[in-house]
Amino acid sequence: MEKVLDLKSAIRDVPDFPKKGIIFKDITPLLGQPELFKEIIEQTAAHFKTRNIDKVLAIESRGFIFGGPLACELGAGFVPIRKKGKLPYKTASASYSLEYGTDTLEMHEDAFKPGERVLIADDLLATGGTAKATAELAEKMGGKVAGFSFLIVLEFLNGRKKLEGYDIFSLIQY
Ligand code: AMP
C-alpha cells in the first residue's frame, strides 16, 4: 500500500494538455525513479506470471515503456501495436472511434501465431477505445487475450465496461 502511495505521488497532473479540459497524467517523474519503475514491472509481472503469456502487445507509444520490460520479465515476446502507417511489413488493422473521426491501430500479421496467449499493455485506461480495438485486432488474428495491464485506470471514464469479461490489472486508480 505504501508503495502504491509512492507511485501515485510521483504522477504529475498537467491541466489542459493536450487540449482544454483534459488533465494529463504525466508519468515521467515516476519513470525517472528507478525503484518505482522497477516496482511497477515486478508487481505487474507477478500478477501475470502464472498466466502463460506468449506475447506482450504494447500500445504505441507509452505502452512500449511498460511492455518491453514486462515481456522480458514474463519470458514473453514483444509486439508493437502502432498507429497506421508505421510498421514496415504486412499488417492487420482495427479502427476505433475518437471524439471526432476514427483512428486505426496496426500490427504485423505474423506478430504471433493463432492460439497464442497475449497480454495487452498500456500506460493508462481512459474510455477504453484504444484497448478494446487492440483486443479486437488480437482476436481477429487468432490470439487469446489473457488480460490487460495498465499503470493507471481513470475509473470515472468507465473504460472497464468496454473490457468486461477480461482480467484487468492496474496499480493506480483515480
Ligand atoms: P482511451 O482509448 O480513451 O482509453 O485512451 C487511452 C489512451 O490515451 C492511452 O494510450 C493513454 O496514454 C492516453 N490518455 C487518455 N487520457 C489520458 C490522460 N488523462 N492522461 C494521460 N494519457 C491519457
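In strand β4, Pro 80 is the bridge partner of Ala 58. This pairing is read from a predicted model. A second pair that can be located in the structure is Lys 55, which stands opposite Gly 77 in β4. In total, 5 bridges join strand β3 (residues 55-59) to strand β4 (residues 77-83), and the two strands run parallel. Strands of a sheet pair through backbone hydrogen bonds, either parallel or antiparallel.

How many of the residues of β3 are buried? The count is 5 of the 5, so strand β3 is largely enclosed by the rest of the structure. In a regular strand the side chains alternate between the two faces of the sheet. For β3, Lys 55, Leu 57 and Ile 59 lie on one side, while Val 56 and Ala 58 lie on the other. These residues are all buried, and both faces of the strand are covered.

**The sheet**

Strands β3 and β4 belong to an open sheet of 7 strands, with the order β5-β6-β4-β3-β7-β8-β9 and mixed pairing. Which strands form the edges? They are β5 (91-97) and β9 (168-173), each of which pairs on one side only. On average, neighbouring strands of this sheet are turned by 20 degrees against each other, with direction ignored.

Another parallel pair in the sheet is made by strand β7 (residues 117-125) and β8, which are joined by 8 bridges. One of the partners is Lys 144 in β8, which is bridged to Arg 117. Strand β8 (residues 144-153) is mostly covered, since 9 of its 10 residues are buried.

Helix α5 (residues 129-140) lies across several strands of the sheet: β3, β4, β5, β6 (102-108), β7 and β8. The helix runs at about 145 degrees to β5.

**Two helices in contact**

Two packed helices are described by the angle between their axes and the distance between the axes. For helix α3 (residues 34-48) and helix α4 (residues 62-74), the axes come within 9 Å and cross at roughly 55 degrees. That angle makes α3 oblique to α4. The crossing of the two helices is right-handed.

Which residues of α3 and α4 meet? On the α3 side they are Phe 37, Ile 40, Ile 41, Thr 44, Ala 45 and Phe 48. On the α4 side they are Ile 65, Phe 66, Pro 69, Leu 70, Glu 73 and Leu 74. Sorted by class, this contact has 10 nonpolar, 1 polar and 1 charged residues.

**Backbone details in the loops**

Most residues other than glycine have a negative phi, and most peptide bonds are trans.

| Site | Feature | Angle |
|---|---|---|
| Phe 17 to Pro 18 | cis peptide bond | omega about -5 degrees |
| Glu 60 to Ser 61 | cis peptide bond | omega near -10 degrees |
| Asp 16 | positive phi, not glycine | phi near 60 degrees |
| Asn 52 | positive phi, not glycine | phi about 50 degrees |

Where in the chain is Asp 16? Asp 16 lies in the loop between β1 and β2. Pro 18 also lies in the loop between β1 (12-15) and β2 (23-26). Ser 61 is in the loop between β3 and α4, and Asn 52 is found in the loop between α3 and β3.

Is Asn 52 buried or exposed? Its relative accessibility is 55%, so Asn 52 counts as exposed, because exposed means over 50%. Asp 16 has a relative accessible area of 41% and is therefore partly exposed.

Tyr 174 lies in the segment after β9. With a relative accessible area of 28%, Tyr 174 is partly exposed. Which residues does Tyr 174 touch, not counting those up to four places away in sequence? They are Lys 8, Ile 11, Lys 25, Ile 152, Val 153, Leu 154, Glu 155 and Phe 156. Tyr 174 and Leu 157 are 17 residues apart along the chain, and their C-alpha atoms are separated by 9.8 Å.

Conventions:
Residues are numbered from 1 along each chain as its sequence is written. This is a predicted model: local features need pLDDT of at least 70, side-chain atom pairs count only at pLDDT 80 or more; totals for chains, interfaces and linings use all residues. Side-chain values use heavy atoms; hydrogens and water are left out. Axes are lines fitted to C-alpha atoms, for helices over the stretch in contact, and angles run from 0 to 180 degrees between N-to-C directions. Helices (H or I, at least four residues) and strands (E, at least two) are DSSP runs, numbered from the N terminus. Angles under 35 degrees count as roughly parallel, over 145 as roughly antiparallel, 65 to 115 as roughly perpendicular and the rest as oblique. A crossing is left-handed if the near helix is turned anticlockwise from the far one by less than a right angle, and right-handed if clockwise. Contact means heavy atoms within 4.5 Å. Ala, Val, Leu, Ile, Met, Phe, Trp, Tyr, Cys and Pro count as nonpolar, Asp, Glu, Lys and Arg as charged, and the others, Gly among them, as polar. Buried means under 20% relative accessible area, exposed over 50%, partly exposed in between (1.4 Å probe, protein chains only). Two strands pair if DSSP finds at least two bridges between them.
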